[in-house]
Amino acid sequence: MSFGRRNRDLDEEIAAHMRMALHDRMERGESYEEALLAVRKEFGNEAAVKEVTRGMWGWRRLDMLWCDLRYAARAVAKSPAWAAAVAISLAFGVGANTAIFSLTYAIVLKSLPVPQPAELVRYGFRNGAQDIGLSGPAFDALRRRQSACSDLLAWSDAEFALDEHGQVERVKGGLLSGNGFRVLRLQPLVGTAFAEMDDVAGGGPRGYQALLSDAWWKSHFHGSASVVGSTLRLNGRAVTVAGVLPPGFEGLTAGSTASIVLPLAFEEAVHAPHPLRRNEGAFWLSVFGRLKPGQTVASARANMATIEAEVRREADPKQTMMGGFFKPFHFTAESGSGGRSFLRTMYERPLFILEMLAGLVLVLCCANTALLVLAQMSSQTREFALRTALGAPRLRLFRLVLLEILILAAAGLALATGLGWVLAKSLAGMLGAIGYAPTVDVAPHGAILAFTAALTVAAALGTGLSSALRVSRSDPAGALRQGGRTFTRRAAGGWIVPAQVAVSVTLIAAALLLGASFLHLYFEDSGFRTQGLLLADLDLHAAKLSDAQTAEANRRIVSGLSAAPGIEAAAYLSVPPLHDWWSASHFFALDGHGVVHTDMNIWPEVVSTGYFAAMGTRLLEGAPFGKDARAGDRTCILSENAAHYFFPAGDALGQLVYAGAGQPAEDGAHLDPQDACRVIGVAENVRFRSLHDAATRMIYKLPGEQDGSAQFSVAIRSGNSSEAAAALREVVRRIAPGAPEPTLYPFAELVDTHLNKERMLVRLSACFGGCALLLTAIGLYGLLMRGVLQRTQEIGIRMALGASRPAAVASVLGAALRRVLLGLVAGGAIAWAAARAMASLLYGVDPHDPRVYAGAIGVLLVTALAATLVPARRAARIDPAEALRAE
Amino acid sequence: MGKAEKYESRIELLQGTLDMLILKTLQWGPQHGYGIIQAVRASTGDVLQVETGSLYPALHRLEKQGWLAAEWKQTQSKQRARFYRITAAGKRELAREHARWTQMSKAIAAIMDRAQGEPV
């Protein structure tokens, strides 16, 4: 039975008692008035009887809590502006943390939708933060040698060309070794999974078996069961749809969505004409294992250490890769529960920093809330004192104040959940790249809601406890006598203002550091002229051209573009810039003294003649490739740093650079001129691989007569991007009919997505910093203003006794400003100490640049002075006569 | 709060006997609170007066312990009232209380009678 119903029952029971007693007495001849009086006297204190009776229900505590809750709710409703300020202040701090946590959860903590994901181990090949996959031979060797896992599987993201009635569409998918579904313990929703017997060239007796993702099955085939058993044309091969994967499983790479999964052997069609499976130098496989019972990631790592030497040998018997470019790389084993996540590798550190900054914002919001609560409580000092004097237990008052805050926290929680979601969604939207939109699901769910709720309650209690204690400890006699001044004195002397200022300085310093780093990355000369530069990635596989035809198509597309109206220059590129790829290249040269300089890290870019004009990279010496230049001329252009590397004397022009791994004899007699090319020019340095790294050493060469590439990029310099896009579409349709339409994107957009991580950090830290300033200003203003209002009388007396106006103002503001200074010094020191944690995210900026700290402190000082202005003027305008008359 | 504590202490004093009196009275049939007061008063010739401040808490406590059950019914004078009825567990409790009371009153009587006859 509900408490309210029970209460009404009791009221009725007592009323019936009274009626019967009244009735009896009146039957005996008493008048109504007499009887009523007698009955009431006989019954005693009705309210007390009810209260004691209710006590028998064992609900008395609940009863009191209910009363207090209603009282607290009324108190909150009485000052709606204050309540809204507290709720918003809490919601903002918690919401910011929820957003960052949602993202962290989705990117770092989320597990693959397979049974017992915690048993999965991921094997990587790592050099510092760079984690490339394993090569096919390395996977085979590791699978044979390791003993920690029951079995290993290999996965690779892939893109398939799906041919439906002549319409070719690119579909994201994945390649999985035949044992994959067994290791993952994944059963298809419909149909059957493929197994080892299907993972052979040609797909074995049944032909290639494909599994579809649930989402793609529903969107592309409307969930039709008849799809199973049907045939798809992928990359020119017929594959049979064997089944549909369980919902949620979209491959082993977090953030990318595989719609079709095929056996690993299908790579012969994907990577044609150069399959990678036996290639010792192609590191393209993500390798996972399922731990045997009793084994852990640590024991897998220990096992890895003992077998690494053998695996390296078996994976590359000639040691051209393992002993050369990949020497600094090592095999690693780590938890594979979340799949392989490029986002995680990239964002783990930034997210950690953002968590810290969001934590500081929460501290700031809590401080602000605490100030608001204190202000409210101090305005109620008299009321609380009166209640204590009348016998209210201190515990009850304590609880009452806490309840008020918890009611506001509930409102704050609702706001924070919404705010966190919106913020997380907009952040997730910033993670994409050109042609790649990772699906980071940040919708609120159990773990995130629990996090938000826990944080809100902690924040509310954190801010409420001190106020509640203060109220419950107040000295009623003193408070009643002084008329509500006790709290403010102590509040102003609290830790809140210096803490707010210190946190703000830290946040602003972080924002300034990240901002300076971003500006450096963005505006430092990259060697490309961004303005008017457009890029497009092309794929001619679907046009089904022979190698010679492809080479011809490459040339004709570029020449067709160059001739199109509105296009200043167009060029062929083997790989677009800012890709963050590494290649195991090998070039060497002999300088004037006969010293051999070998470079295994140079980036060989195959370009057409118009490259430098299109990209805007300047030539420092020599000449660009001539109009009629061809690969047969065996010429090359070096970047300035490469020229200096090979020929330290600065005489690169006209010298020879050799390609290949063969070591030259001392006298150079065994150098094969077939492999050499003559340096005809030196170009300015470019940050080709990544804006985050130093300039990439480059060697530019022309493509061979017969060396076409179906996958390539074009660079277009044009003042009119829509004209250029139309020209590109027209040229591709004419020269390579059947090829998918390429998308043209401005180079500036590539730079933007390349700097996604930095942009996200800058935007968030700037937002956090701005809010910190605002909150600090509001907090300080509120505190000072209240101080002035409550001490008007005192200031009046001081003035009346002869104090000058400045002295009176100083008496009010001096203490507060001293605390601001304390906060500035503390904040500067904290920021200085914390900057080390950010060092890995900063480019071209010294984390301890004194200008940053001076700037942060300066900004805060100006804000604090601005916040002081109005209260100071108010204090200065106090008229002693009026102030004294007011009381 | 102060008032409530005073009432509670008065219940404490009466508790043992009041519970027994209520259970005994209800043995003759269901009755409401007012009826119980009247019945006790009548059967003791106005000697024992049960306070409402003790009765209602006691009724609700006994109900919670499962010795009484309550339901809303019409009185003879067509009034709606909450009638209490003794349960099987209540009857067992009454038997226990009664036995204890008999034992106690005998013991007290023994002391009081001897005190009258010969000085201790």
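Mentor: Start with one residue pair. Trp155(A) has Ser286(A) of β10(A) as its bridge partner. This is a predicted model. The two strands involved are β3, residues 149-164 of chain A, and β10, residues 286-291 of chain A. They run antiparallel and are joined by 6 bridges.

β3(A) has another pairing, with strand β4, residues 167-176 of chain A. Here 10 bridges hold the pair, again in the antiparallel sense.

Chain A holds 28 helices and 23 strands. Its radius of gyration is 37 Å, whereas a compact globule of 887 residues would be near 29 Å. The C-alpha trace spans about 130 × 75 × 60 Å along its principal axes.

Next, a helix pair in chain A. Helix α26 covers residues 805-838, and helix α27 covers residues 850-876. Their axes come within 10 Å and cross at roughly 160°. That angle is over 145°, so α26(A) is roughly antiparallel to α27(A). The crossing is right-handed. On α26(A), the contact residues include Val812(A), Leu813(A), Leu817(A), Val820(A) and Leu824(A). Gly828(A) and Trp832(A) of α26(A) also take part. From α27(A) come, among others, Tyr853(A), Ile857(A), Leu860(A), Leu861(A) and Pro871(A). By class, the contact of α26(A) with α27(A) has 19 nonpolar, 2 polar and 1 charged residues.

Chain A also touches chain B. There, 19 residues of chain A are in contact with 21 residues of chain B. On the chain A side, the elements giving two or more residues are α1 (3-27) and α3 (46-56). That side divides into 9 nonpolar, 7 polar and 3 charged residues.

An open sheet of 3 strands in chain B has the order β1-β3-β2, with antiparallel pairing. Its edge strands are β1 (31-32) and β2 (68-74) of chain B, each pairing on one side only. β2(B) is joined by 7 bridges to β3, residues 80-86 of chain B. Across that pairing, Trp72(B) stands opposite Arg82(B) in β3(B).

Technical notes
Residues numbered from 1 in each chain as written. Chains lettered and ligands numbered in written order. Predicted model: local features only at pLDDT ≥ 70, side-chain atom pairs only at ≥ 80, totals over all residues. Axes fitted to C-alpha atoms, helices over the stretch in contact; angles between N-to-C directions. Helix = DSSP H or I, 4+ residues; strand = E, 2+ residues; numbered from the N terminus. Parallel < 35°, antiparallel > 145°, perpendicular 65-115°, else oblique. Left-handed = near helix turned anticlockwise from the far one by under 90°. Contact = placed C-beta atoms within 7 Å. Nonpolar A, V, L, I, M, F, W, Y, C, P; charged D, E, K, R; others polar. Pairing = 2+ DSSP bridges. Rg over C-alpha atoms; globule rule 2.2 N^0.38 Å.
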